[in-house]
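Hi everyone, thanks for coming.

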Amino acid sequence: MRNVGRALFIGWLAAIVAVGGQALVAPATALATSCLRVSGGQFDAPGNDNYAQNLNGEYVRVHNYCSTSKLMTGWKLHDYGRKHTYPFPSGFRLGAGVTVTVYSGRGTRTATRLYWGRTYGAVWNNTPPERAYLRNAAGTLLSSWSSY
């Protein structure tokens, strides 16, 4: 009877590990399947990145690895802790194989340049655990990136 109890316990423990392991693996797999991903950036702008003249020195790039363009209405980019959130403009479409750079400051929007519109205060922290997160319109995390 003792061996039966041990076998049941080991089976139970294996099931918990398998379920827990699956939960840990699933998000990474989901992230890897998105063809729109944060591909890089610069968190620490030259000079004081709180001032307007330096804000465009910090930015994040999102690349479309798909073979078709993707509509990003309702998508969001945010920092660690969600202190700052950038909603992609309504109707913004990222072309196939194209990278868009999202700058913290102000500028003229194009198909490859978007601007947060800030006039003071950095978006990105210059130390870990800072990370850029890309979420679709449903709020699902599709990609994240950090230089740290």
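Before I count anything: helices here are DSSP runs of H or I with at least four residues, strands are E runs of at least two, and both are numbered from the N terminus. Please keep in mind that this is a predicted model, where local features need pLDDT of at least 70 and side-chain atom pairs count only at pLDDT 80 or more, while totals for chains, interfaces and linings use all residues. Residues are numbered from 1 along each chain as its sequence is written, and side-chain values use heavy atoms, with hydrogens and water left out.

So, what does the chain contain? There is 1 helix, along with 10 strands. Read from the N terminus, the order is α-β-β-β-β-β-β-β-β-β-β.

Now the contacts, meaning heavy atoms within 4.5 Å. Take those between residues at least 6 apart in sequence: 55% of them link residues at least 24 apart.

With Shrake-Rupley areas and a 1.4 Å probe, counting only the protein chains shown as cover for residues, the chain exposes about 8400 Å², and 57% of that comes from carbon and sulfur atoms. Of the 148 residues, 34% are buried, which is under 20% relative accessible area; exposed is over 50%, and partly exposed lies in between.

C35 sits in the loop between α1 (2-33) and β1 (36-42), and C66 in the loop between β2 (59-64) and β3 (70-71), so the bond ties together parts 31 residues apart in sequence. C35 is partly exposed at 22% relative accessibility, whereas C66, at 13%, is buried.

Key: Buried means under 20% relative accessible area, exposed over 50%, partly exposed in between (1.4 Å probe, protein chains only).
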